[in-house]
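Subject: Handover of a structure and the findings from it

Dear colleague,

Please find below the structure that I am passing on to you.

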Amino acid sequence: MKKYNFKKIEKKWLSLWIKKRLWKVKDSLHHKKKKYILDMFPYPSGEGLHVGHVEGYTATDILTRFYRMNGYNVLHPIGFDAFGLPAENYALKKKKNPSSFVPKNIARYRKQLLSLGFSYDWDREISTTDPEYYKWTQWMFLQMYKHGLVYEKEAPINFCPNCKTGLADEESIGGKCERCETPIEVRFLKQWHIKITAYAERLLEDLEELDWPEHIKEMQKNWIGKSEGYEVKFALTDYPEPLKIFTTRLDTIFGATFIVLSVSHPLIFKITKPDYMMFMEDYVRNELKKEKLGIIDKEISGIFTGSYAINPMNGFKIPIWVSNYVLSGYGTGAIMGVPAHDERDWNFAKKFNLDIIKVIKHSLDEETNADFTSVQCFTEDGILINSDKYSGLTSSEAREQIGAYLISLGLAEKKIYYKLRDWIFSRQRYWGEPIPLIRCNKCGIVPVPEKDLPVVLPKVKSYQPTGTGESPLKNIHHWVRVKCPSCRSIAERETQTMPQWAGSCWYFLAYILKKKQSSKKYKISFDLKKLKYWMPVDIYVGGVEHAVLHLLYARFWNKFLYDLNLVPCKEPFLKLFNQGIILGPDGRKMSKSKGNVINPDDIIKHYGADTLRMFEMFLGPLEVEKPWSSEGIKGIERFLQRVWKLSLWLDKVYKTKRTKLLKNKAKEQELLIALHKLIYEVTQSITSFRFNIAIAKMMIFEETLRRNLENNVYIAKDIFLTFIKLLFPFAPFISQEIWHLLGKKNFLDKEKWPQFNPKLLSSQLTTYIIQVNGKKRGVLEVKADNLSVNEAKKLVQSLPLYKKYLENKTIKQIIFVKGKVINFVLADAKS
């Protein structure tokens, strides 16, 4: 019996699928129910696809084929997020332009994706580096500019004095340049910002509408960081203007024993006394540098300003400090220190020997502790003590009453603050979308006219850093010099480029709006009718590493377009699913330095695409981390070879009129029941993203088929073909070949998904896996699911495996999992 030749068969069917353009999606089928299934599109690195890509993309391909067979019009596109820092760094190192090698990287990715049989609509492929694509990225930026969402202000950048270039945060390791390990300097440049904060409340509220993992929603909520509280004015003893602090715990104000300012607070050098100024300047300089470089001190530090504030509720004079534990960009950048009821304040007070006054107790019954310096920090709401006439109130009552009192005096107002900061949209690079603005000495900032879009990157062989931290584009003078669109005098283009996030903020719309004109050219134009049909994305699958920024930026971008009536929905991604990381065989995260990277090309070469696809799905639940297993992949290979042998065996049976196989109605009925149970289980497993369970169920069914054949029981052709239909989304190449082998001329993509018969399921068999010391030795099928342990033991004794593995053995324990497993643990622990 010939072995399955995956190389020959995969090449054959891939060629036919592409030739027939089998996966091309029609927009005109508006009467047909739709599914938009989207992958987070890859950055095309020089290394090619990794097994993490294969995991997520296989999952979406299974879903795509499943929903196609269930009658849906499925949009399943792919593209490439091809701008970005890695290409810029490689270009500088090799003295090349990224446009000379990025297209080659994309071509490699495309070839790999095709080799895995992923059924994308390739006519919709886009790249963020295509001028026709980033023309619209630029156009959308201009709409934000015109609507007042874009502004320019100074912001810090990391600068390496040795490389003479600005660095991204990820290129700064422990305050040193990743490339040359030179200590990094912090420089300030004017940079473009987008007011994402204007959408903070909507970004928060609309999370409730989404079918996303709760921990991802929580991460987004924490990043947005909404806090409702009071902004309170504290008078200063030696400065005319009051100091504003923000607090969510106004009920604790009687316990405030100090004020703390962030290291970038504008009042620091206005209120610091001369005796403290030199120390303050050094402290603030060092802390600002650490803050910019992302260096987090585990230990709290601080400097006293020498000045004091007056607590507006009790008149106490309290010291004003500056510390690294107060966030610069949150609230007013100043807090009241209440060490008895905030852990960070407690640690600060203990370190600098500041007063601790307890003003909240747990309950009315709790005894008030007079020794305020020895109390433990209590951070929850409770009952007020030591708070004048407010003592005895609950925390919530006190917040309202104290707030009302201070508001009546003009010393407070209710405020909502967000941790979310405006989006710094400038990058000091060549390889990015040019920002479509012009700087004119007469007119100021002038938008590039829409008719002149796209502003295309200049074609240069190579480029080098400016040495000032500005973009390399600054030195390409023939591109920079341009006439002002307003006054026609000589002006300059903006030379900073957009962040890589920009292109990924709307690519899910581009797939819908793209109109292919030739093999290399396409146009994008907004078509609300198409967008209304396809949007929102029904299923979005990608890594958890994009849980915050990409998703937040894309949601913001979509909401802006929604406000312009350009898209039909407030939220772009209805359901989100994050696949888990595939670890190396050693259980560690894969990396070149560890030598544990698995190349999918090598796996396809040795085992075939179907084996790789099924193996990655069988490793475990899609969302969890799991280690690579070389033995495991061999198990999947053996399973597919068994299915192939079964098909060859059955092909002979169906073509031969005379057969030794016996037609047994009772057995046929059992098989039919098992099949409908499988249809139900595979269907449920796919829709719940439990692909590993679906594969396990198919393995059990294959074993049932094989056992019947070995016992000379005839298997109806329809039963086997239905099994192949179920296998198809997981292993499309071998399934299509078997389908064709057994006389079917059509493509499985066009077939209908099998439907189970509920009446047959009501009398279904329950399959138990029989194990001996944890190793599978066979299966037991019973009609009743209320089997007892003793009944199970008796039934196993009637099976051939009992004589081989259990007879004359001392059974120490029987582990019985109802409806699933019967595991016999032997006394000598040998099987």
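Two strands are said to pair if DSSP finds at least two bridges between them. Strand E32 meets this condition with strand E33 (residues 821–826): six bridges join them, and they run antiparallel. Within this pair, Gln-813 stands opposite Val-825 of E33.

Please note that the model is predicted. The average pLDDT of the protein chain is 91, and 96% of the residues score at least 70. Residues 370–374 stay under 50, and the model has six contacts for them beyond four places in sequence. Where pLDDT is low, the predicted coordinates should not be read in detail.

The sheet containing E32 and E33

E32 and E33 belong to an open sheet of four strands, ordered E31-E30-E33-E32, in which the pairing is mixed. At its edges are strand E31 (775–782) and strand E32 (811–817), each of which pairs on one side only. From one strand to the next, the twist averages 20°. Helix H21 (residues 691–710) lies across strand E30 (766–772) and E31, and runs at about 75° to E31.

A parallel sheet

Another open sheet has four strands in the order E2-E1-E26-E27, and here the pairing is parallel. Strand E2 (73–75) and strand E27 (576–579) are the edge strands, each pairing on one side only. Neighbouring strands are turned against each other by 20° on average, direction ignored. Three bridges link strand E1 (residues 34–39) to E2 in the parallel sense, and Lys-34 has Asn-73 in E2 as its bridge partner. Helix H2 (residues 51–69) packs on this sheet and touches E1, E2, strand E26 (539–543) and E27; the direction of H2 makes about 170° with that of E1.

The second largest pocket

The volume of the second largest pocket is about 1200 Å³. It is lined by 44 residues, of which Glu-125, Ser-127, Asp-130, Lys-520 and Tyr-522 are the closest to its centre. Which elements give two or more residues to this lining? They are helix H1 (6–19), helix H4 (102–115), strand E4 (126–127), helix H5 (131–146), strand E24 (514–516) and strand E25 (522–524). H4 gives the most, with six residues. Sorted by class, the lining has 22 nonpolar, seven polar and 15 charged residues.

Yours sincerely,

A colleague

Terms used. Residues are numbered from 1 along each chain as its sequence is written. This is a predicted model: local features need pLDDT of at least 70, side-chain atom pairs count only at pLDDT 80 or more; totals for chains, interfaces and linings use all residues. Side-chain values use heavy atoms; hydrogens and water are left out. pLDDT is the predictor's confidence in each residue, from 0 to 100. Contact means heavy atoms within 4.5 Å. On a 1 Å grid over the protein atoms alone, a cavity is a set of points where a 1.4 Å probe fits but cannot get out, and a pocket is an open set with protein on both sides within 12 Å along at least five of seven lines; lining residues have an atom within 4 Å of a point. Grid points are joined across faces, edges and corners, and a volume is the space filled by probe spheres set on the points. Ala, Val, Leu, Ile, Met, Phe, Trp, Tyr, Cys and Pro count as nonpolar, Asp, Glu, Lys and Arg as charged, and the others, Gly among them, as polar. Axes are lines fitted to C-alpha atoms, for helices over the stretch in contact, and angles run from 0 to 180 degrees between N-to-C directions.
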